[in-house]
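This report describes selected features of one protein model, going from charged pairs to sheets and then to a pocket. Please keep the sequence and the structure at hand while reading.

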Amino acid sequence: MKKQFIILALGAAMAASCADEFNTSNYAVDRPAKTAEYAYLNDYMPLKQYVSNPDFKLGIGTTVSDYLQKELVYALTNSNFNETVAGNAMKMASCVNSDNGSMDFSTVSEYVNTATEAGLSVYGHTLAWHAQQPVKWLNSLLKDKELDIDPDAKIETLINTMDYGTMADGPFPHYPMGCEPPIINGALHFVPTGAWSQFFIFPGGQNPLAEGDYLCRLYMASDKEAGGVQLTIQNGWGGDADNKTVAIPLEAGDVVYELQFPGVVGGNYDCILKPQTADATLDVKKIEFYKLESPAVEVEVEVNFYTYETKADGPFPHYPMGCEPPIINGALHFVPTGAWSQFFVVPGGDNQLDEGDYVFYVDMAADKDASGVQLTVQNGWGNDAQNFSAAVPVEAGRHTYALKFPGITGSPSKGYDCILKPQTADATLDFYSLRVCKIEKLNSIPLTPEEKKDTLTWAMDRWIAGMMEACDGKVKAWDVVNEAISGGNADSEGVYALQHGSEGNTTDFFWQDYLDDYDYVRTAVRLARQYGPEDIKLFINDYNLESDWDQNGKLRSLIAWIKRWESDGQTRIDGIGSQMHISCYADAKTQESKKNAITNMFKLMAASGKLCRISELDMGYVDANGNSVATGNMTEEQHKQMAELYNFVIKSYLEIIPAAQQWGICQWCATDAPTDSGWRGGEPVGLWDINYYRKHTYAGFADGLAGE
């Protein structure tokens, strides 16, 4: 049946009719027990023939690899739709190698060219998103930067030693491996037997090594030169063992051999000397393991910043200590009274400090030079308090003073009070801010937020420029940003926050965590317009915009965010895409609520003045008990209810959205989903069934387009 279908579709029938439209005589077999029930569907034309608006885009979600075979999917797509949307092929993870960031747009170019040559427009999906990203590569761009030190220099740290010179003469001290050299005169004394030999010189339980690079110094004497001698370090046995072997260039006499073991994965390592069949007599005197690390330099890493410059004028904001300077013009304003004075500049809970050495930067102004002023850093009170003080050399004018606090011990609570003590100084002081930096000994340092933003702006520029070049100006519309709105954490205006990632996330990559909520979208829009065709249209695409549980709150938030993004006077967003992955509900009350929310969604979209697009329409079925119904369990009546809902959605869109704002509708799933599908697996989401027969939903969709 499929072969006959493809032949028809790719032959003359494709030009004259629709790819899936043929009489029952074209089938190899009839649909069992359904011929009469479904015969009316043969009277329907291809879907795109029901579109009356010449600018209306009737799209279909497309598996690009299937489309490029130019067989069944190609024929059905071209005959029923005038726009195609790649399901995955134009997403970043499909084009950018996560291991090294290399880009390959060959599939994109072939797809775009093939579709446009067939007379279809291609809608781009998607330029900026948090999912399906080359996460490994993007995270690698944000790794700590190496400091300016000699890359070949290494610091040796002694980790473990086995010294036979400290041991009494006696039998072999380790687990035997067929060779048991005794301790004689402070050395393991090996006399060759002519057989293949090996023996422990450092058993595993006594040689724990952390991950890293190591140098082994082996102190050993030989009565002659010999080849074939090796040293093996080994963690575990069998296929999972971390096993590293190096050759020993055996010389006559007492020699210290330096043997490199890079890339140790960590664990308890056995050390096995393998004379193998060498005929030299050996005396193993001592073995040492040194960890090799790059030299470190002292770096100041900011851990806290507390400022009054962003705070409104008002009374002293902290617990009073007899002195309560108010906030005036962005500073704590201290006027001396002649009495001994002190006041909080940072309360303890806001200054969390671990053990280490610190520098505190005090930004403060004074009307004159003053002596006797101190800054105290204190955890707790009374005899158990950890109390550190440093003098502040106050000079007239505004200055930043660097005060060193070495040896802060940390505490279970880690919260340190910061107390400025003018004591009896008669200077008027304005305390603006305190920056706290920990002195770290590092060979690399984290990128600053500004450096991360700059790096990722470069990565987005590279990606969007490459994609636009591959599309060669033929893709005129894009989901420039996909699924940005979180659906929760509303601000004071009731607008939902953007989605953000969690620390250590290795599945998704949230650009907005680094570019911020505004520049994330503004950058993507700017680059799309910079590299794309002049007439490009850019949409923000999201799901749950038809939500009835929050009165379309997510859509309202998206519209508010679009206004915010466009408030710079440069950013322009052309349209809104509503995914509409919906369900048909058997419960009439629930279904009515869903319909009302869909109607309200279209009204809100129309009122936004933006182009309006149903971007990923598909539908499942939920029974009266609230359970999703699998395709194999669907009744004819349930299929017809779904057809009615398709009709309602499409007619409502065409009736409510003004013609000038109608971009179009994209059906996301042509056929029902296989049970093993990653998207709504086993659900009746298509207009065709799994064997590409039209369903009742096809009629509902077509009638909706026709306004019937």
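How many salt bridges does the structure hold? The model is a predicted one, and the structure holds 27 salt bridges.

**Salt bridges**

Side chains of opposite charge can pair when their charged atoms come close.

| Side chains | N to O distance |
|---|---|
| Asp279 and Lys224 | 3.7 Å |
| Arg529 and Asp574 | 2.8 Å |
| Asp574 and Arg572 | 3.6 Å |

The side chains of Asp279 and Lys224 meet in a salt bridge. This pair links distant parts of the chain, 55 residues apart, with Asp279 placed in the loop between strand 14 and strand 15 (282-293) and Lys224 in the loop between strand 9 (212-222) and strand 10. Lys224 has a relative accessible area of 33% and is therefore partly exposed.

The side chains of Arg529 and Asp574 likewise meet in a salt bridge. Because Arg529 lies in helix 10 (residues 512-531) and Asp574 in the loop between helix 11 (553-565) and strand 29 (575-578), the pair ties together parts that are 45 residues apart in sequence. Is Asp574 buried or exposed? Its relative accessibility is 11%, so Asp574 counts as buried, while Arg529 is partly exposed with a relative accessible area of 22%. Asp574 also forms a salt bridge with Arg572, and Arg572, at 43% relative accessibility, counts as partly exposed.

Strands of a sheet pair through backbone hydrogen bonds, either parallel or antiparallel.

Ile233 has a bridge partner in each of two strands, namely Cys271 in strand 14 and Lys244 in strand 11.

Why is strand 14 described as largely enclosed by the rest of the structure? Six of the seven residues of strand 14 (residues 270-276) are buried, so the strand is largely enclosed.

Another open sheet is formed by four strands in the order 19-24-21-22, with antiparallel pairing. Strand 19 (341-346) and strand 22 (386-391) are its edge strands, and each of them pairs on one side only. On average, and with direction ignored, neighbouring strands here are turned by 25 degrees against each other. Strand 21 (residues 374-379) and strand 22 run antiparallel and are joined by six bridges, with Ser389 in strand 22 as the bridge partner of Thr376.

**Strand 32 and its partners**

Parallel pairing is found around strand 32, to which strand 1 is paired over four bridges and strand 31 (residues 611-622) is also paired in the parallel sense over four bridges. Leu58 has Ile665 of strand 32 as its bridge partner, whereas for Arg613 the bridge partner in strand 32 is Gly664. Because six of the six residues of strand 32 (residues 662-667) are buried, this strand is largely enclosed by the rest of the structure.

**The largest pocket**

Which residues lie closest to the centre of the largest pocket? The pocket has a volume of about 860 Å³, and of the 35 residues that line it, Thr63, Gly87, Trp668, Cys669 and Trp679 are the closest to its centre. Strand 1 (57-62), helix 4 (64-67) and helix 5 (72-80) are the elements that give two or more residues to this lining. By residue type, the lining divides into 15 nonpolar, 15 polar and five charged residues.

How values were computed:
Residues are numbered from 1 along each chain as its sequence is written. This is a predicted model: local features need pLDDT of at least 70, side-chain atom pairs count only at pLDDT 80 or more; totals for chains, interfaces and linings use all residues. Side-chain values use heavy atoms; hydrogens and water are left out. Two strands pair if DSSP finds at least two bridges between them. On a 1 Å grid over the protein atoms alone, a cavity is a set of points where a 1.4 Å probe fits but cannot get out, and a pocket is an open set with protein on both sides within 12 Å along at least five of seven lines; lining residues have an atom within 4 Å of a point. Grid points are joined across faces, edges and corners, and a volume is the space filled by probe spheres set on the points. Ala, Val, Leu, Ile, Met, Phe, Trp, Tyr, Cys and Pro count as nonpolar, Asp, Glu, Lys and Arg as charged, and the others, Gly among them, as polar. Buried means under 20% relative accessible area, exposed over 50%, partly exposed in between (1.4 Å probe, protein chains only). A salt bridge is a side-chain nitrogen of Lys or Arg within 4 Å of a carboxyl oxygen of Asp or Glu. Axes are lines fitted to C-alpha atoms, for helices over the stretch in contact, and angles run from 0 to 180 degrees between N-to-C directions.
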